[in-house]
Amino acid sequence: MKRREGSKAKKSAFDMLAEELGGLAAQALRRRLQVVEEVLPGGSVRVEGQVLLNLSSNDYLGLAHDPRLIAAAREAAARWGTGAGASRLVVGHLALHEAVEAKLALFKGTEAAVIFSTGYMANLGVISALMGPGDLILSDRLNHASIYDGIKLSGAALARYPHRDMARLEALLAKATSAKRRLIITDSVFSVDGDLAPLQELVLLKERYGAWLMIDEAHATGVLGPTGAGYAEALGLTGRVDVHLGTFSKALGTLGGYVAGDRTLIAYLHNKARSLIYSTALAPPVLGAIDAALDIVVREPERRTYLLFQAQAFRQELNQAGFDTLGSETQIVPVLVGSNSQALDFAARLREKGLMAVALRPPTVPPGKARVRFSLSAAHSPPDLAKARHIIRETGRELNLIP
Ligand SMILES: *Cc1c(COP(=O)(O)O)cnc(C)c1O
């Protein structure tokens with residue numbers, strides 16, 4: 001009897017969690033892991049035995065399976081080991097880290113750069129190092145979750161401005177006279193809709209009000225700009241942005257986050273960014289892959305040219321068919337659907353026909369504005385993309401999403 005009570009009490013602790021999961025399921029918001037059984041050439045995957053054109057990947061340049069990255073990772077492991085053995089400030093800062101960071105600074109057109117284990121940790125580290133209580137962070141409402149987690153960790157006050165709304169941002173800046181430091185943060189390419197931050201106006205505002213400007217180039221690194229350094233490079237604004245952040249986990253096909261900028265900024269992060277200081281240095285094989293990816297990105301601009309050309313054709317065809325692709329200007333192309341269930345239904349039917357795309361629902365997007373998002377890759381062939389466009393149009397008509 002006693003034993004039964006004990007096991008009952010133990011079970012009820014997890015019952016609470018099960019109940020919460022049940023609540024999520026009831027709102028069609030429960031998520032489950034799905035196993036990718038095989039990664040196939042041409043940007044396809046096998047899931048539950050079915051081959052799908054993967055339109056949900058961030059491997060925008062198709063580098064994650066490039067033999068040159070794989071060879072570089074192997075060589076770095078053979079020479080430096082599979083682990084760095086310590087954090088950067090202890091004895092984990094290998095000559096390999098030093099060399100790749102120097103190459104990265106050159107690539108970004110900045111004085112210096114520092115590599116974190118992930119983009120998520122880079123955002124946590126830099127925001128919480130630079131800002132604290134008494135400071136104010138002005139953040140675009142659609143910025144990535146890791147930016148919001150960094151802001152929370154910093155203890156600074158937060159003012160979220162409506163997506164890309166420069167008039168509201170200016171009003172907030174004009175009002176915020178008591179804050180010690182002011183930092184404006186924006187994604188350069190937004191992950192939800194593939195639209196672009198108004199970077200020119202942001203630079204003018206930050207200069208007029210004496211604030212810092214930080215941009216997250218996670219989806220732009222490798223994709224935008226003459227050498228692939230990102231959107232700031234594309235607009236010739238590199239020197240007028242204070243903090244450049246990005247990742248190697250998307251277009252560069254591997255893992256790791258970076259911050260690039262002034263030498264003093266980077267030295268400060270070495271001293272103050274806790275996600276850098278209290279975490280083991282990035283593993284050598286990953287650094288080897290980053291090193292090779294940086295070379296390829298600079299030397300093979302045809303990858304991003306092809307990607308952006310295909311993205312434009314994709315948008316154009318879907319727009320002509322009657323879809324609303326929102327403000328997309330990049331390789332991320334959303335299609336506005338409306339209700340959660342319609343978006344899920346659309347994604348499910350596309351999957352039946354061999355396309356892997358995600359339905360985005362609240363709270364990621366506003367209620368009633370659920371959408372399906374397509375991410376293109378340079379690994380996708382022209383016939384596969386033409387077929388995808390056809391399937392999307394056909395399915396849209398079947399569901400009465402378009403005429
Ligand atoms: C993916 C992403 C990150 C996180 O990068 P990881 O390297 O995947 O941790 C940060 N910011 C933005 C805008 C992203 O899209």
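**Thr 395 and the chain around it**

Tutor: In this predicted model, Thr 395 lies in helix H15, which covers residues 382-398.

Student: Is Thr 395 buried or exposed?
Tutor: A residue counts as buried when its relative accessible area is under 20%. Thr 395 has a relative accessible area of 0%. Thr 395 is therefore buried.

Student: Which residues does Thr 395 touch, not counting residues up to four places away in sequence?
Tutor: A contact requires heavy atoms within 4.5 Å. With residues up to four places away in sequence left out, the partners of Thr 395 are Phe 346, Arg 349, Leu 350 and Lys 353.

Student: What percentage of contacts in the chain between residues at least 6 apart in sequence join residues at least 24 apart?
Tutor: The count takes in contacts between residues at least 6 apart in sequence. Within that set, the share joining residues at least 24 apart is 69%.

Student: How many helices and strands does the chain have, and why is it described as being as compact as a globular protein of its length?
Tutor: The secondary structure comprises 15 helices and 14 strands. For 403 residues the globule rule gives 22 Å, and the chain is as compact as a globular protein of that length because its radius of gyration is close to that value, at 22 Å.

Student: How far apart do the centres of the positive and negative side chains lie?
Tutor: The chain carries 47 positive and 40 negative side chains. The separation between the centres of these two sets is 6 Å.

Terms used:
Residues numbered from 1 in each chain as written. Predicted model: local features only at pLDDT ≥ 70, side-chain atom pairs only at ≥ 80, totals over all residues. Heavy atoms only, no water. Helix = DSSP H or I, 4+ residues; strand = E, 2+ residues; numbered from the N terminus. Rg over C-alpha atoms; globule rule 2.2 N^0.38 Å. Lys, Arg positive; Asp, Glu negative; His and termini not counted. Charge placed at Lys NZ, Arg CZ, Asp CG, Glu CD. Buried < 20%, exposed > 50% of the residue type's maximum accessible area, 1.4 Å probe, protein only.
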